[in-house]
Amino acid sequence: MNNDQRRIPLNAVSTGNNGYKLQMPADGGIAIPGSYMLFALDAQGVPSVAAVLTVTTDTAPVIVDSTIDGVVTQEDGTLREGVQVDLFEQSADGSRGTYLASTTTDAEGRYEFEVEQGCYALTFVAPENET
């Protein structure tokens with residue numbers, strides 16, 4: 001057991017095209033400076049692969065890992081092949097910034113981007129024949 005672990009639910013606001021903006025707690029005593037694992041939960045509560053974020057007192061959270069990766073599934077847990085995943089720089093105000101790269105999920109629903117330290121946003125686009 002690690003007594004330093006904490007769970008901090010964040011509100012997600014859609015930015016359109018399957019992109020989301022997460023709002024950090026306004027109270028600096030809730031998300032104190034340090035490293036955190038960021039997970040997204042599906043409808044069944046199954047977590048995604050984590051991104052490691054560092055919260056500091058003077059900047060927005062940044063990804064300190066050199067890889068952004070994950071698995072895309074449908075609500076029933078079925079793996080999603082062929083989903084377009086776009087990578088953007090995230091602006092200081094939290095909005096989606098400059099487009100950087102795109103990839104498509106493989107047969108196991110996986111995607112991956114190699115990145116430098118910074119803030120990023122992802123969008124997910126279903127194949128044209130699906131919704």
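Me: Before counting anything, what is a salt bridge here?
Reply: A salt bridge is a side-chain nitrogen of Lys or Arg within 4 Å of a carboxyl oxygen of Asp or Glu. The model is a predicted one.

Me: OK, how many salt bridges does that rule give?
Reply: The count comes to one.

Me: Which residues form the salt bridge, and how far apart are the closest N and O atoms?
Reply: R110 pairs with E108, and their closest N and O atoms are 2.6 Å apart.

Me: And R110, what is its relative accessible area?
Reply: R110 has 47%, so it is partly exposed. E108 also falls in the partly exposed class, at 42% relative accessibility.

Me: Changing topic. How many helices and strands are there?
Reply: The chain has zero helices and ten strands. Read from the N terminus, the elements run β-β-β-β-β-β-β-β-β-β.

Me: What share of the residues is buried?
Reply: Of 131 residues, 24% count as buried.

Me: Which residues make the nonpolar surface patch?
Reply: M37, F39 and L41 make a patch of about 320 Å².

Me: Where is L41 found?
Reply: L41 sits in the loop between β3 (34-38) and β4 (51-55).

Me: Why does L41 count as exposed?
Reply: Because its relative accessibility is 51%, and exposed means over 50%.

Me: Last one, on contacts. What share comes from residues 24 or more positions apart?
Reply: Such residues account for 49% of the contacts with a separation of 6 or more.

Methods: Residues are numbered from 1 along each chain as its sequence is written. This is a predicted model: local features need pLDDT of at least 70, side-chain atom pairs count only at pLDDT 80 or more; totals for chains, interfaces and linings use all residues. Side-chain values use heavy atoms; hydrogens and water are left out. Helices (H or I, at least four residues) and strands (E, at least two) are DSSP runs, numbered from the N terminus. Buried means under 20% relative accessible area, exposed over 50%, partly exposed in between (1.4 Å probe, protein chains only). Contact means heavy atoms within 4.5 Å. Patches are made of residues with over 30% relative accessible area and no salt bridge: like charges are joined within 9 Å, nonpolar side chains (Val, Leu, Ile, Met, Phe, Trp, Tyr) within 5 Å. Accessible areas come from the Shrake-Rupley method with a 1.4 Å probe; for residues, only the protein chains shown count as cover.
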